[in-house]
Amino acid sequence: MPTIVVIGTQWGDEGKGKIVDHLAEKADVVVRYQGGNNAGHTVVVANTVHKLHLLPSGILYPGCLCLIGNDVVIDPAVLLQEIQTMRERGIDSSNLRISNRAHLIMPYHRLFDRLEETRKGEHKVGTTGRGIGPCYQDKAARTGIRMVSLLDPDTFAEELRQTLEYKNAILTAVFGEKPLSFTEIYQEYLGYAEKLRPYVLDTGYLLNERIAAGQKVLFEGAQATMLDLAHGTYPFVTSSNPTAAAAAVGSGIGPKCLDKIIGVVKAYTTRVGEGPFPTELLNETGDLIREIGHEYGTTTGRPRRCGWLDACVLRYARQINGLDCLAITRLDILDRLPEIKLCVAYRWQGRELTEFPASLKTLSEVEPVYETMPGWQCDTTAARSYAALPPNCQRYLDKIAAVSACRLGVVSVGPGREQTIILEDMF
Ligand code: GDP
Ligand code: IMO
Ligand code: MG
C-alpha cells in the first residue's frame, strides 16, 4: 500500500505522532494536511521527547520529505521556532516544504480567538487559543492571507491593509480594544517571509510526482474525528476537517490516491475543552487514569477529561473515515486497573440508538451501555507480540475489534518506538 492516512478516531491525543513516527521509518514522504499548532504530537526517541505542533512527524528521519499542505494554517513564528528547536537538537529541516496555498495565522486571529471565547462565557468551546478558528473563518470568508501573498511584499501589504481595516473596526467597536498597527504586523511578517521563502512552493505538484513515482506517503492527521467541523460534536469542534477524506483536499491530490486508512484509538478516551463526552469518568477511576497516563495537554497543559473507551464513537469513526484497521495506543495505562469497561451502545429514552446523534442535547442524555471485563493487572510495556500480552488484555483487544467491526493493525504499549506490536503489514 503506497499511501497511508493516519487519523484520530476520538477527541484527539490518541498517539497519532507515535504511530506516524513508527510508520515513517519506511515512508518517503510525510504530509500534514489540516489544522495548525493546536496540534501537539509527541514522539519519543531514545530518551528525547519531541513535541511537534506544525512539523510533520517524519522530520525525525533525515531522508524523509516533509510537506505542510494547503489546508494547514500556519503561525510563522511558531513554525520558525520549531525549526530552530529541532536544529538545536541536531535535526535538520532542509527536507521541509510548505504549500504556497497554506493560510497564515495573524496576530488578530489569536486575539479574536481569546475575545470570542471570553464573549461566549459559559458556552465557550475551550479552544487552544492559537487563532485556529478565526484563521479558518477568514479563509472561508475569502479574507485570509496565504503564503504566496506573504512572499510578495506589495500583495501582502495590500491584503493586510484591507483585512486589518475591517478587523480593527470590529476590535474597537465590538470589543472596545485598541486597534492593531499595520506597520508592526507588516514588518514582523516580512521578517518571517524571508526565513520561510526557501521552504515554500506548490506542494501539490511535488506530492503528485512522488505518488506517481510509487513512493510511500504517510498522511498525518491532526485533531480527530469527533473534533471534525463537519462530523464532530459541533460546535465543540475544531475549524478544519481532520477526517481521512480531507487528506486529499488538504494536500492537492485526488481521493483515489488514498490507499489505506488507519484509525488511532486510545485504549480509553480523553477530551480537552468543552462539549459532551458520554463515557466521561467524573470519579476516582477518571482521576487515576489521568495520573497514571499523565493526561495533560501537549499544547496547553490543561488536564484532559478521561473516560472509558466508546465503541459508538469508534463505529462512527469507521464509517466517516472508511477505516481499514485500528492502531490501539496506551494500552499499558490500563495495566493496573482491576476492571475495564467498554461502552458498546447508547440507550436513550428507553431504546438503543443505532446512529451517532447529531444533537448535543441527545448526546448529553444518552446512557452508555457497558460491558465490564476483568483487567490484566500486570505490566505490558515489554510485550513485543500479541501472544506476549496477558490473556485478559488480548480479550479486551479482541472485543474492541469486534464491537467496532474493524481489525487490529497496531498495538502500542508505551511511548517508545520499540514499544509497538505490528499485526498487519503497513507499507
Ligand atoms: P497525538 O496528538 O495524537 O499525537 O497524541 P499526543 O502526543 O498529544 O498524546 C499522546 C501521548 O501518549 C504522548 O505523550 C505519547 O508519547 C504517548 N504515547 C503514545 N503511545 C503510547 C503508549 O502506547 N503508551 C504510553 N504510555 N504512552 C504513549
Ligand atoms: P492533536 O492533533 C486534542 C480541541 C480544543 C478545543 C477544540 C477547538 O494533538 O490531537 P481549536 O484551538 O482547534 O479551535 O480548539 O479542539 N483540540 C484538540 N484536542 N488534541 C488536539 O490536537 C486538539 N486540537 C484542538 O481543546 O476543544
Ligand atoms: Mg496531541
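Q: Is Q349 buried or exposed?
A: This is a predicted model, and in it Q349 is exposed, with a relative accessible area of 64%.

Q: Where does Q349 lie?
A: Q349 belongs to the loop between β16 (339–348) and β17 (351–352).

Q: And what is the phi of Q349?
A: Phi of Q349 is near 50°, a positive value although the residue is not glycine. For context, a negative phi is what most residues other than glycine have.

Q: Which loop holds A405, and what about its phi?
A: A405 is in the loop between α13 (391–404) and β19 (407–412). Its phi, near 55°, is positive in a residue other than glycine. A405 counts as partly exposed, at 46% relative accessibility.

Q: Staying with the backbone, which peptide bond is cis?
A: The bond from Y234 to P235 is cis, and its omega is near 10°. P235 is found in the loop between β10 (217–220) and α9 (246–249). Most peptide bonds are trans.

Q: Where do D13 and G40 sit in the fold?
A: D13 lies in the loop between β1 (3–8) and α1 (16–24), while G40 lies in the loop between β2 (29–32) and β3 (41–45). The pair therefore ties together parts that are 27 residues apart in sequence.

Q: G40 interests me. What does its backbone contact in ligand 1?
A: A backbone N or O atom of G40 is 2.9 Å from an oxygen atom of ligand 1. The protein covers 92% of the 580 Å² of accessible area that ligand 1 has on its own.

Q: What other backbone contacts can you list for ligand 1?
A: A polar backbone atom of G15 lies 2.8 Å from an oxygen atom of ligand 1. For K16, a backbone N or O atom is 2.8 Å from an oxygen atom of this ligand.

Q: How many residues are around ligand 1, and which come nearest?
A: There are 20 residues around ligand 1, of which K16, T42, R330, D332 and S412 come nearest. Both α1 and β3 supply at least two residues each to this shell.

Q: Which pocket is that?
A: Ligand 1 takes the space of the second largest pocket.

Q: What polar contacts does ligand 2 have?
A: Among them, a polar side-chain atom of H41 is 2.7 Å from an oxygen atom of ligand 2. An N or O atom in the side chain of N38 lies 2.9 Å from a ligand oxygen atom. V272 takes part through a backbone N or O atom, 3.1 Å from an oxygen atom of ligand 2.

Q: How much of ligand 2 does the protein bury?
A: The protein buries 97% of the 550 Å² that ligand 2 exposes when taken alone.

Note on methods
Residues numbered from 1 in each chain as written. Chains lettered and ligands numbered in written order. Predicted model: local features only at pLDDT ≥ 70, side-chain atom pairs only at ≥ 80, totals over all residues. Heavy atoms only, no water. Helix = DSSP H or I, 4+ residues; strand = E, 2+ residues; numbered from the N terminus. Polar contact = N/O pair within 3.5 Å; in protein donor to acceptor, adjacent residues only side chain to side chain. Areas by Shrake-Rupley, 256 points an atom, 1.4 Å probe, with all protein chains shown as cover. Buried < 20%, exposed > 50% of the residue type's maximum accessible area, 1.4 Å probe, protein only. Near = heavy atom within 4 Å. 1 Å grid on protein atoms, 1.4 Å probe; cavity = no way out; pocket = protein on both sides within 12 Å on 5 of 7 lines; lining within 4 Å. Sits in = over half its atoms within 2 Å of the grid points.
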